[in-house]
Amino acid sequence: MEHKLLLLTRHNDQYRSMLENSAPPGLILLGEEPSNIKEADIWLAEPALAAPLLGHATRLKWLQSTFAGVDPLMRPRLRQDYLLTNIKGIFGPLMSEYLFGYLLAHKRQHAKYRQQQQDRVWRPGSFKTLQGQHLLLLGTGSIAQHIATTAKHFGMLVSGINRGGQAVESFDRVGTLQDLPDFIAQADAIANVLPSTPQTRGILNAEILSLIKPNAVLCNLGRGDVLDLEALDVQLSHYPEQQAILDVFNQEPLPANHPIWSRPNATITPHIAAPSFPEQVMEIFFHNYKLYLTGQSLTHQVCFQQGY
């Protein structure tokens, strides 16, 4: 049986080249003409590009997302009568690099010493370390597990939050969302890597943020809608020793007039903590395509009810 594949990404040329070189059996790679939306039964797509076209996809059976996050495909009234798979297993190392790059720069006072270099000042500061610090990870999935393992190498205490509170390797303690007030009040660094679900949206609200230690670091790496950005902006204005590292936002790009741009204790990056590279995406797609041909369960299948 032949299958027809439609590409809906910003890197179609790269994906097309890899597909043509590999020539998966029984797979016809369609062009980018709008009429092919109705012809393809498999899509390799970015969720935001695919979502507005789903209503026209009369033959769609399986959509392989090129991203981990599939929030645009979870919107109310969008169809859910197809297999949806996403990308997992490749973001842990990238997220760890991002997170610990900023945590180490903060603890080791890189900005201070850079300024002293420019001023030709030799003035050692007080020594700070990650050893013995308490890291709270919101989420305990594959990304969080990699971060937790890395944290252990730095001698940190690691706690986590997940749906059931079940124990996870490399975590010293795990609780549920109901335990968040207690957990967050004890943390020296907090990193959100939770998916966007009805249960997680808005959990980092003004009440919860007010419990954070005055000198703690908050990192949002997961989904923008987990965090109340306006409440955080107010919080940072009241606690200048707190730091926020922000890579994801409800609205992207972040509007230029948002006041958090000018907060000296906020660091803003344009959703670059863990990009998915086409070569890695294709490894997952090729593996899933082999499973698809033989009627086996696909890896990284998304549950529409849970949203991840």
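The second largest pocket of this predicted model has a volume of about 510 Å³, and of the 23 residues that line this pocket, the closest to its centre are Ala 105, His 106, Lys 107, Val 217 and Gln 243. Elsewhere in the model, the largest nonpolar core has 48 residues, and one of those with the most contacts inside this core, Phe 285, also belongs to a cluster of aromatic residues linked by ring pairs.

**The second largest pocket**

- Helix 4 (92-107), helix 5 (110-118) and strand 11 (243-246) each supply at least two residues of the lining of the second largest pocket, with the largest share, five residues, coming from helix 4.
- Sorted by class, the lining of the second largest pocket is made up of 11 nonpolar, seven polar and five charged residues.

**Nonpolar cores**

- Within the largest nonpolar core, the residues with the most contacts are Phe 100, Leu 137, Ile 147 and Phe 285, and helix 10 (residues 278-293) provides the largest share of this core, namely seven residues.
- There is also a second, separate core of 28 residues, which includes Ile 190, Ile 203, Leu 204 and Ala 266.
- As general background, nonpolar side chains in soluble globular proteins tend to be buried together.

**Phe 285 and the aromatic pairs**

- Phe 285 has a relative accessible area of 0% and is therefore buried, the cut-off being under 20%.
- Leaving out residues up to four places away in sequence, Phe 285 touches Leu 5, Leu 19, Leu 27, Ile 42, Leu 44, Trp 62 and Gln 64.
- The count of aromatic pairs comes to seven, and in one of them the rings of Trp 62 and Phe 285 have centres 5.3 Å apart and planes at 10 degrees, so this pair is stacked.
- That pair links distant parts of the chain, since Trp 62 lies in strand 4 (residues 62-65) and Phe 285 in helix 10, 223 residues apart, and both Trp 62 and Phe 285 are buried.
- The rings of Phe 285 and Tyr 289 likewise form a stacked pair, because their centres are 6.1 Å apart and their planes meet at 15 degrees, under the 30 degrees required for stacking.
- Tyr 289 is itself buried, with a relative accessible area of 2%.
- Through ring pairs, Trp 62, Phe 285, Phe 286, Tyr 289 and Tyr 292 are linked into a cluster.

**Pro 195**

- Pro 195 is located in the loop between strand 9 (189-192) and helix 8 (206-209), and its relative accessible area of 25% makes this residue partly exposed, because the value falls between the limits of 20% and 50%.
- Setting aside neighbours within four places in sequence, Pro 195 is in contact with Thr 200, Arg 223, Val 226 and Tyr 308.
- The C-alpha atoms of Pro 195 and Gly 141 are separated by 9.8 Å, although the two residues are 54 residues apart along the chain.

**Gln 116**

- Gln 116 is found in helix 5, and with 9% relative accessibility this residue counts as buried, because buried means under 20%.
- Apart from residues up to four places away in sequence, Gln 116 touches Val 121 and Arg 123.

Definitions and conventions:
Residues are numbered from 1 along each chain as its sequence is written. This is a predicted model: local features need pLDDT of at least 70, side-chain atom pairs count only at pLDDT 80 or more; totals for chains, interfaces and linings use all residues. Side-chain values use heavy atoms; hydrogens and water are left out. On a 1 Å grid over the protein atoms alone, a cavity is a set of points where a 1.4 Å probe fits but cannot get out, and a pocket is an open set with protein on both sides within 12 Å along at least five of seven lines; lining residues have an atom within 4 Å of a point. Grid points are joined across faces, edges and corners, and a volume is the space filled by probe spheres set on the points. Helices (H or I, at least four residues) and strands (E, at least two) are DSSP runs, numbered from the N terminus. Ala, Val, Leu, Ile, Met, Phe, Trp, Tyr, Cys and Pro count as nonpolar, Asp, Glu, Lys and Arg as charged, and the others, Gly among them, as polar. Buried means under 20% relative accessible area, exposed over 50%, partly exposed in between (1.4 Å probe, protein chains only). Contact means heavy atoms within 4.5 Å. A nonpolar core is a set of buried Ala, Val, Leu, Ile, Met, Phe, Trp, Tyr and Cys residues joined through side-chain atoms within 4.5 Å. Rings of Phe, Tyr and Trp (its six-membered ring) pair if their centres lie within 6.5 Å; planes under 30 degrees apart count as stacked, over 60 as edge-to-face and the rest as tilted.
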